[in-house]
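Here is a short briefing on one protein model. Keep the structure open as you read, and find each element as it comes up.

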Amino acid sequence: MNTRELLAEYTLPTYRRYGPVFVKGKGSWLWDEHGEQYLDLFPGWGVSILGHCHPRISAAVCEQAQKLIHLPNNLYQHEQAVLARDLVKCAFPSKVFFGNSGAEAIEGAIKFSRLYGKGTRYEIITMSNSFHGRTAGALAATGQKKYQTPFKPLLPGFREVPFNDYPALERACTDTTVAVLLEPIQGEGGVNIADEEYLRQVAQFCARHDLLLIVDEVQTGMGRTGRMFCYEHYGITPDLMTLSKGLGAGLPISALLVKDTIADLMQPGTHASTFGGSPLVTRAAREALRIIKDENLRERAQTMGDFLCGALHKLQKDSPRIIAVRGKGLMTAVELSADAAPVFQECLKRKVIVNATHGNVLRIMPALTVTREEIEQGVEVISESLKNGGTE
Ligand SMILES: *Cc1c(COP(=O)(O)O)cnc(C)c1O
């Protein structure tokens, strides 16, 4: 059996898979088993934030893998300690819990909120079109019926309101509300950017009513939007923040940061993760954080993002199929008048990888190391795909 047949025969059919079988990656490029080269403008769904196999990440992982791969969390280890310090230093005064996935960080935030509410307040206000992951708790927090409906009954304690609608949030708050959970830019939901005034109002409302402000930066964090964390654009500070995707530059790690003044609500035994924060993944994440700083990748995300958005706006002028172009840094989307999946397929045929989400949205989130030339090549192919195909 070949790779495709093996996957079909032996893995749960939870994924629609496309394209060739990839065997190698470098920067913004992937190679298939026949040596064909693809431009990857959506590396790892935002995970491979430094591109594929950044030499410093590969070197750090190789070195650490020969020294110490895993330790349980009841023993002391150095790599986790220094990563936690480095993360807190570039975020806000907080303490960190390490897990393995975005959803696991969200689960931690939900459990922390329950502790904070002391049994009397437990409800978390969530946003329509949000995405927080697929585990049972994260799913209950995800404001999208298509993901939730087959799995009812869901974990109770969530109340969904429209995104960017401050009065709706005010109205939804009751005596049982304990927290507000949102993405500063909804990724999976179509790259919907929080209004500046809105997020400031939400932060003030949370402070006034003793609600935890939980900012999900699983997709927007680690320099993606031109700042280390997207909340920095808004002049607010969250109480809790979740990170994952780009955090380990390809290795599976997530972090929940909790404001230091309340962090000690979690005590030994209240929460845990067997794999969480092991030496291998924390070493990779620490190296990734250094690379983002050493290579000025926040600034780069901003300039390359502006360049990409500019090119897409130009494209919009002679493409009636484009309704809108939006983005912050290198988190970019093109909203189309029809389904985006055929355009994704057409791009893939032309050896460029992008993403179709939320029906009619083409999402482009290149590595922060992407070059001007790569963006130009990619936009050219998107343009051809819009003109010459991908109409259904
Ligand atoms: C991807 C994503 C998650 C879920 O992450 P997993 O690692 O797939 O569990 C949660 N929140 C946001 C904003 C995401 O983009």
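**The sheet and its cysteines**

Strands β10 and β11 (residues 240–243) run parallel, joined by three bridges. Across that pairing, D216 has T242 in β11 as its bridge partner. This is a predicted model. The points below start with the whole sheet, then turn to one strand, the helices and the cysteines.

**The sheet as a whole**

- Seven strands form an open sheet. Their order is β4-β12-β11-β10-β7-β5-β6, and the pairing is mixed.
- Which strands stand at the edges? They are β4 (94–99) and β6 (158–161). Each has a single partner strand, so one side of each has no neighbour in the sheet.
- From one strand to the next, the twist averages 20 degrees.

- Strand β7 covers residues 177–182. Six of its six residues are buried, so the rest of the structure largely encloses this strand.
- In the sheet order, β7 sits between β10 and β5.
- With β10 (residues 212–216), β7 pairs in the parallel sense over four bridges. Here L181 stands opposite I214 of β10.
- With β5 (residues 123–127), β7 also pairs in the parallel sense, over three bridges. Look for I125, whose bridge partner in β7 is V180.

- Helix α3 (residues 78–90) lies across β4, β11 and β12 (254–259). The helix runs at about 130 degrees to β4.
- Helix α8 (residues 196–208) packs on the sheet as well. It touches β5, β7 and β10. Its direction makes about 160 degrees with that of β7.

**Cysteines**

- A disulfide is a covalent bond between the sulfur atoms of two cysteines.
- How many disulfides does the structure hold? The count is zero.
- C309 is in no disulfide either. Its nearest cysteine sulfur belongs to C230, 13 Å away.
- Is C309 buried or exposed? C309 is buried, because its relative accessible area is 13% and the cut-off for buried is under 20%.

Note on methods:
Residues are numbered from 1 along each chain as its sequence is written. This is a predicted model: local features need pLDDT of at least 70, side-chain atom pairs count only at pLDDT 80 or more; totals for chains, interfaces and linings use all residues. Side-chain values use heavy atoms; hydrogens and water are left out. Buried means under 20% relative accessible area, exposed over 50%, partly exposed in between (1.4 Å probe, protein chains only). Helices (H or I, at least four residues) and strands (E, at least two) are DSSP runs, numbered from the N terminus. Two strands pair if DSSP finds at least two bridges between them. Axes are lines fitted to C-alpha atoms, for helices over the stretch in contact, and angles run from 0 to 180 degrees between N-to-C directions. Contact means heavy atoms within 4.5 Å. A disulfide is a pair of cysteine sulfur atoms within 2.5 Å.
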